[in-house]
Every structure is written in C-alpha cells, then in structure tokens.
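Work through the exercises below with the sequence and the model at hand. Each task is followed by its solution.

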Amino acid sequence: MPARVLWYNARVATMLPQAADGWGLIENGAILTQGDTIEWVGTYAERPPVAHDAREVDLHGLLVTPGLVDCHTHLVYGGHRANEAEMRLNGASYEAIARAGGGIRSSVAATRAASEPELLAAATRRARALMREGVTTIEVKSGYGLSLDAEARCLRVARALGDTLPITVRTTFLGAHAVPPEFEGRADDYITAVCEWLPTLHAQGLVDAVDAFCESIAFTPAQTRRVFEAARALGLPVKLHAEQLSDQGGAVLAASFGALSCDHLEHLGAAGVAAMRAAGTVAVLLPGAYYMLRETQQPPIALLRDAGVPMAVATDHNPGTSPALSLLLSAHMSCVFFRLTPLEALRGITAHAARALGLHDRGVLAAGMRADFVAWEVEAPNELTYWFGHNPGRRVVVAGAELQE
C-alpha cells in the first residue's frame with residue numbers, strides 16, 4: 001500500500017466551487033495523501049485516525065492551492081522570433097508579418113531544421129521554468145512541423161516531456177495551424193493531408209486532442225469542420241483557436257462538436273457565447289498574446305460571466321506572440337487587462353484549466369483528487385494575482401511527491 005503523508009500547518013485554499021468564500025479556505029489546514037491521491041482535507045485538529053500513522057510534513061503556515069494547470073502552450077519548437085517582435089514594435093501587424101512569410105512559417109522552418117534531442121532539450125528548459133512556478137499539468141500543441149514526420153517528431157517530444165519530468169503533459173495535434181510552403185495556395189489539399197495524418201498519429205498514441213486555427217489568415221470554418229470530423233471519427237476531443245483576429249463563427253462550429261475549449265476569443269460574439277454555454281465548452285483566455293500584439297479588442301468577459309461559461313487562463317507560450325513562461329503573470333494580466341476577479345483568475349489556472357483539458361481529477365483539493373498542490377509564501381490567495389515579476393512558490397507537490405530542484 002502506498003505510504004501516507006500528512007502535510008500540515010497550512011492555510012489550505014481548496015478552490016471547491018461550493019465554498020462560501022469562493023476560495024474554500026481552511027485555517028490550520030492539513031492534507032492527507034496516499035501515494036498520488038488526496039485521501040482527506042480539513043483542519044489538523046480533525047484529522048482522521050489513519051493520519052496518526054502517516055509521515056508528517058510541516059508547511060510552516062504557507063498558503064496551499066491546487067497545482068496550476070497551463071492548458072494552452074506551444075512548448076515544442078525550434079528557434080525564436082525576436083526579430084518579428086521588433087518589427088511589430090516598429091508598426092508591422094501580425095497579419096502583415098504572416099503574409100510576408102514570417103510568423104508561424106518561420107518557426108516551422110526552424111523546427112524542421114532542429115533534431116529531436118534539440119527540441120526536447122529546449123522544451124524541457126521551458127517546462128521546468130513553468131514547473132518552478134507551480135505548474136503541475138500542461139498541454140503541449142504541435143503545429144510547428146506541418147508535415148507528417150515533423151508533426152510526429154514534435155508530438156513525440158511532448159510525450160517525452162511527460163515521461164522524463166514529474167508533470168502531466170496532454171498532447172494536442174495542431175496540424176491545421178498554418179499552410180506550409182509546399183502547399184502554398186492549396187489550403188484544401190493541405191487539410192486533406194492533415195486529415196490523412198491524424199489516424200497514423202493517433203495509432204502511435206501521440207494525440208490526446210485535436211486543434212485548429214480558424215481565422216482569416218489560417219483556415220476557414222469549412223476547412224476546420226473537415227479536421228473536426230476526422231477527429232470525431234477517431235473519438236478524439238477537439239479544441240479551437242477561435243475569434244482571435246475576427247469573428248469567423250469558429251466558436252459556434254467548435255461547440256457543435258462539443259469542444260473542450262475555444263481559445264483567444266477577443267472577437268467572440270453573443271452567438272458564440274450561447275453555443276459554448278450549451279456545449280459546456282471552456283473559454284480559454286490568453287492575455288500574453290493580447291499584450292504582445294498590443295490588441296485593444298478584449299474578450300467579452302461580461303457576456304461569458306453572465307452566461308456561466310467557465311473561463312480558464314493560459315500562457316499560450318509560443319515563439320511568436322506570447323513567449324511567456326509565467327502562468328502567474330498570465331493570471332495577473334487577465335485581471336488587469338480583462339478585469340477578471342482574482343478568484344476567477346485562480347480558478348482559471350486550476351479547476352477551469354483542468355476542465356479545458358478534459359481532466360476532472362485535479363484543480364481542486366478534495367478527497368479522491370490527484371495530489372498536486374503548491375505551497376506559497378503569501379497570506380491570501382488574491383496575492384497570487386497581485387504580485388508580479390516574483391515567484392512566491394516554495395514547495396511543489398506532484399502526484400504526492402515533492403519536486404526537488
């Protein structure tokens with residue numbers, strides 16, 4: 001039987017949705033774990049009899065929250081695009097850079113030129129940076145290979161991250177990210193190829209979900225539908241880069257396929273919000289890209305809030321529009337730019353982010369949940385969206401084991 005550990009002397013923010021204060025704060029709290037699972041959460045004084053035989057770990061009054069979940073990243077790629085960031089600062093638009101051959105295509109060239117060990121080494125450094133700040137689960141998208149071999153290589157690297165690091169990694173096939181040079185002017189043919197690759201990649205155990213970029217500079221709703229139909233034929237859930245630069249009706253389309261999430265959403269309309277609510281689709285907010293692109297159109301937070309659509313927050317780490325490696329900073333920016341409350345932001349990087357990945361065993365601290373949690377040197381949970389440029393995390397526990405530097 002796995003060993004029990006009692007983590008005690010903490011202020012525990014369970015983040016349970018029914019909590020009267022929203023945070024589910026337990027003073028003088030404790031968490032009893034058995035192996036990789038939480039067995040009990042409550043006050044130290046009320047610990048169950050089995051806790052008396054557990055190894056005890058004193059958390060010295062730190063605040064404990066669920067482990068953080070970064071539900072939208074593009075962590076595997078070659079090179080960087082600092083030159084394009086400078087071009088945007090000098091007035092070039094994201095769309096103009098993309099149409100001139102920059103953007104995603106430049107990362108595709110660098111990714112194709114990199115070896116698998118090189119891609120893994122770089123992605124490992126990025127993942128470790130997220131882990132040091134309390135991230136215990138990440139999603140990693142492909143989309144910078146754009147050929148069967150290169151996409152498979154990127155997905156293998158993502159799988160290797162989960163195999164070599166103490167972190168959960170969910171992989172998403174994003175072949176429909178951009179049209180590669182060899183398919184120039186033949187977007188429909190490229191979508192045919194993407195749909196043909198998917199069964200092979202799925203058979204190799206490389207795909208947990210399927211994503212697409214539905215946008216004027218990427219793929220049409222009709223092309224996106226073809227990708228989603230291929231995913232549905234394999235029983236794979238879908239996600240969508242939707243309504244980032246314009247309203248293409250992508251959210252309505254994605255919701256009709258029961259999408260786990262729609263992401264970006266700056267131009268999301270009322271029809272999209274209603275469709276997402278009906279489908280139970282999570283809205284994933286990506287303030288890093290909003291900030292980097294100096295956008296002014298904000299996602300319709302009030303509409304999403306009033307409709308009860310769960311809102312997650314992610315880094316969108318990628319080499320072009322959000323080279324961010326701080327989920328806490330993303331949460332902070334979601335409050336400053338999008339006017340989320342601190343409670344909404346923290347739910348957005350825990351419970352709602354887990355839901356955006358189809359994971360229901362984490363994101364809150366309760367019996368039966370996965371033993372992923374973080375101990376922070378702050379007094380209250382709202383400080384996690386208050387401080388920025390600073391990591392108050394002191395201890396990270398993944399699957400019941402404390403991470404060691």
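**Exercise 1.** State which strands helix 6 lies across, and at what angle it runs to strand 8.

Solution. Helix 6 (residues 187-203) lies across strand 8 and strand 9 (209-214). Its direction is at about 150 degrees to strand 8. Helices (H or I, at least four residues) and strands (E, at least two) are DSSP runs, numbered from the N terminus. Contact means heavy atoms within 4.5 Å. Axes are lines fitted to C-alpha atoms, for helices over the stretch in contact, and angles run from 0 to 180 degrees between N-to-C directions.

The model is predicted: local features need pLDDT of at least 70, side-chain atom pairs count only at pLDDT 80 or more, and totals for chains, interfaces and linings use all residues. Residues are numbered from 1 along each chain as its sequence is written, and side-chain values use heavy atoms, with hydrogens and water left out.

**Exercise 2.** Find the strands that helix 5 lies across.

Solution. Helix 5 (residues 148-164) lies across strand 7 and strand 8 (168-176). Against strand 8, helix 5 runs at about 170 degrees.

**Exercise 3.** Give the strand order of the open sheet and name its edges.

Solution. Start with the order: eight strands, 6-7-8-9-10-11-12-13, with parallel pairing. Two strands pair if DSSP finds at least two bridges between them. From one strand to the next the twist averages 25 degrees.

**Exercise 4.** Describe how strand 6 pairs with strand 7.

Solution. Strand 6 and strand 7 (residues 135-141) are joined by three bridges in the parallel sense. Asp70 stands opposite Ile138 of strand 7.
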